[in-house]
Amino acid sequence: MASQTRPQILSLYRRILRELPTRAVSPTPASLTVRTKSTSHQKLSAPSPLQQRVRASFTNPRSTNAESQIAQAEQFVQYIQAQRMYATLIERYNPGMGMTEEERVRLTARRVGMNLPIEFELGKE
């Protein structure tokens, strides 16, 4: 039984790592001009505290009930996949969520074919 669960556990571990958010790299001039994709190797070479915790829980299981832990981890993977999909759908169907009220009004006016007048600012000509 242990030989059957080992590949399942490794697969589960990889699925969890894939779903975890990538670490934000501090912007440097070189990274601003050239965007590189983060690979799993880059994730594992400098793991975040969350990744370290996940690894520790997979390498040192706390209880003897492995089937229960595997089922719980499977459920967690499904949950984080659903959360990622939810965030993607919210972004897609509510594009104005991150906009200011002024920007939203300007874009709404443009949608119906109008441009807002330039507001007068004291001290500018």
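1. Let's start at Y93, which you'll find in helix α5, residues 66-93. Keep in mind that this is a predicted model. Is Y93 buried or exposed? Y93 counts as exposed, because its relative accessibility is 59% and the cut-off for exposed is over 50%.

2. Together with M85 and L89, Y93 makes a nonpolar surface patch of about 330 Å².

3. Now over to E19, which sits in helix α1, residues 2-19. E19 has a relative accessible area of 16%, and buried means under 20%, so this glutamate counts as buried.

4. What does the side chain of E19 make a polar contact with? The partner is the side chain of R84, at 2.8 Å. R84 also turns up among the residues that E19 touches, along with I80 and Q81, if you leave out residues up to four places away in sequence.

5. Next, the inside. The largest nonpolar core has nine residues: L12, Y13, I16, L17, L20, V54, I70, A73 and V77. Helices α1 and α5 each supply at least two residues of this core, and α1 gives the most, with four. As a general point, nonpolar side chains in soluble globular proteins tend to be buried together.

How values were computed:
Residues numbered from 1 in each chain as written. Predicted model: local features only at pLDDT ≥ 70, side-chain atom pairs only at ≥ 80, totals over all residues. Heavy atoms only, no water. Patch = residues over 30% accessible without salt bridge, like charges linked within 9 Å, V, L, I, M, F, W, Y side chains within 5 Å. Areas by Shrake-Rupley, 256 points an atom, 1.4 Å probe, with all protein chains shown as cover. Salt bridge = Lys/Arg side-chain N within 4 Å of Asp/Glu carboxyl O. Buried < 20%, exposed > 50% of the residue type's maximum accessible area, 1.4 Å probe, protein only. Polar contact = N/O pair within 3.5 Å; in protein donor to acceptor, adjacent residues only side chain to side chain. Contact = heavy atoms within 4.5 Å. Core = buried A, V, L, I, M, F, W, Y, C linked by side-chain atoms within 4.5 Å.
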